[in-house]
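Please read the points below with the coordinates open beside you.

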Amino acid sequence: MSERRIIQSIVWQGRVCDCVLEEDRISELRPAEEEGSGGELILLPGLIDCHTHLREPGQEHKEDIASGLAAAASGGFSSILCMANTDPVNDTAAITSMMLDTAARAHPRGPALHPVGALSRGLAGKELAPMHELARSGCIAFSNDGVPVSDSSLMRRAMEYSFDLQRPIIDHCEDPSLSPEGVVSEGPLSDRLGLRGVPSVCESIQVARDILLASYLDIPVHLAHISRRESVELIHWAKNKGVPVSAETCPHYLLWTEDKVGDYDPLAKVNPPLGTADDVTALRQAAREGIIDILATDHAPHAPFEKEVPLSRAPNGISGLDTALSLSWGLVQEGVLTQKDLIRLWCHGPARIFGLRANGFNPGDPADFLLFDPRESWTPTADSMRSRGKNTPCLNQELPGRIRLNCREGEVLYGQFPKGIA
Amino acid sequence: MDWPHKDLLSVDQLTSSEILELFQLAQNFEEINSRLVKKTPTLKGKSVLLLFAEPSTRTKTSFDIAAKRLSADTFSLATKGSSLEKGEDLKDTGLTLQAMQPDAIVIRHGQSGAADFLAHQLHCSIINAGDGWHAHPTQALLDGFTLYKLWEGFRDRTLLLVGDIAHSRVARSDIELFAKLGVSVRLCAPRTLLPRHISHWPVSVYSDLDEACRGVDAIQCLRLQLERQQSGLLPSLREYATRFGLRKRHLDLARAGAKVLHPGPMNRGIEIDSQLADDQDSLILDQVSSGIAIRMTLLYLFLTSTSQRRE
């Protein structure tokens, strides 16, 4: 017996619609039958986050797969990718399988977890990780995230080898020789606070290298967490030339500048470090115009005590799964992004780059969707955040919008169906 | 003197009139240092913790003497080999020390922002005795006091800082203090030892030492950390000494009566000519005695006015 459900009077891209579900699939999205009733909840496809750190195995005091997926569920995600810099590193089938088993046991309905395998063995940047074995056991992409690939030859071989396995390479762009122990962006702030600065070229030099490799090999590369104007300009140039490059940025780079560090606030310490107002302007424009393809959280949870140290000693990272949609919605309210941009940046873009299915609300599409109430607000606090990592500069600050329901394949991951379901 | 501050973290927080008042007050305290019996009961019963997580001789001794001359008790923490040396348990160390009820903690730490961090965590007064590359406010105050006693007013005066500006908390604090007092500040250093965005600072920058010295009233030489050469910022110490080592002839280019300062410890023959350091134009030892007066003044202000207000 097939179960048919109708969610009535919800808003899809500005129009009041009814959404018909057939079990785990979308059956139809049509103009609402009853005008006037409801029409306040916004319908969005389930979000995909291609960049998280779930810390399991090895650093479960920061986060584990169960708590990370719980944060993803309440944050509106239907799928997330998790990076390989666990302890031990995800460079063998055993670790990948363990991650997938843990996820399936903790959250059988989802959000779906897609591990990203290590690009190099132990992330050491010396020899290739066993990519075929990793791909076969479930890795969706490869990356050395957290530890930049300094060796351009290794980067080239990784791109070539993984291309045959149809798995994209995600590169964390940083020339570590330019940023030894860098704490904040190099600029007036680092000069004033007496902190080691990270120059903007530290990112853009590696972006340029990756673009030139992608162009030379004609093999795609995905650039993680882009944060500076020069990088955006290089990506723009590459795309105009037809180089197969894609890029992501994070809500924090679209919202905040280095000033968030203020007088040594470790919650604003992240790698790459927050940039200038000019960087924010460039990234916003790039996200609108598609030069930046997608958004990702770079969810990097840490235990509170780890951030309660002098800034130079604090670990890098912002916890992002809980707050991503509200922060992005703030950008829609500000007029920086449209709802359409939001859907492209958080769903269809990542689905295209990583070969995942996405919900376009066409008949037969997976019923991965969420209902979002833009009139409400919420405040991320140590209690309200589901991630174990409470490390975000917007902790204890009111954020716009609230997720009322997150469904994957028609099953509730978070919240509940509104009344008026037929 | 009204003293509204809980902590002294950087010169930033002081107004120019506060600084000048502090200098006036320091002159009274300096007088104590020349007495036969160098002790007053002003701070009897108060305790000051000296938390030095980096090696220091003069600053630590200076605070110790300053506190003892005012009859405060001082306690030093041996940090060598402790976990604090790595800066890892600063919060716990701070809370532990606070539980011992000191009236003030004087902290020296290798991490920029360490004093700010402790000031946020603790309710007793924190006096920054140097944090990373960030700030060394008592050094700047003692440099200012040394010249205050010599000059009649700071207007139309020019101070030159020579040496490693980028990695120097003394330079940062001196620039803030002297710019606040209306002194024009010049810097002279190789570009590798200057902050990248120096144009945002209220200074003029020179790469030639002769040119930089022309017409200045005082020259502060900064200590060159010898490891700067290893980290690729300098080709050799010899080349540095040739280009930036201060000699007698530089003083001849300066305004008549110009003085030489150095926060110590000196590398004789590198940033400063050995003879020049001992010359009559050198204020280097005056800086040391001014330091005691300035620190007595600060301890007096923190341990009388603020604590009274708190209770």
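This is a predicted model: local features need pLDDT of at least 70, side-chain atom pairs count only at pLDDT 80 or more; totals for chains, interfaces and linings use all residues.

1. Residues are numbered from 1 along each chain as its sequence is written, and chains are lettered from A and ligands numbered from 1 in the order in which they are written.

2. Helix α6 of chain A runs over residues 201–217 and reaches 24 Å from its first C-alpha to its last, close to the 24 Å expected (1.5 Å times one less than its number of residues). Helices (H or I, at least four residues) and strands (E, at least two) are DSSP runs, numbered from the N terminus.

3. The buried residues of α6(A) include Val207(A), Ile211(A) and Leu213(A), and also Glu203(A), Arg209(A) and Asp210(A); buried here requires 20 or more other C-beta atoms within 10 Å of the residue's own, with C-beta atoms placed from the backbone. Among the elements that cover these buried residues are α4 (152–164), α7 (229–241) and β13 (245–249) of chain A.

4. Chain A has 12 helices and 17 strands. Its radius of gyration, taken over C-alpha atoms, is 21 Å, close to the 22 Å that the globule rule gives for 422 residues, so chain A is as compact as a globular protein of that length; the rule is 2.2 Å times the number of residues to the power 0.38. Buried residues make up 56% of the chain.

5. The contact takes 16 residues from chain A and 20 residues from chain B, where two residues are in contact if their C-beta atoms, placed from the backbone, lie within 7 Å. On the side of chain A that touches chain B, the largest share, 3 residues, comes from helix α5 (residues 188–193).

Conventions:
A residue is buried if 20 or more other C-beta atoms lie within 10 Å of its own, exposed if 12 or fewer, and partly exposed in between; C-beta atoms are placed from the backbone.
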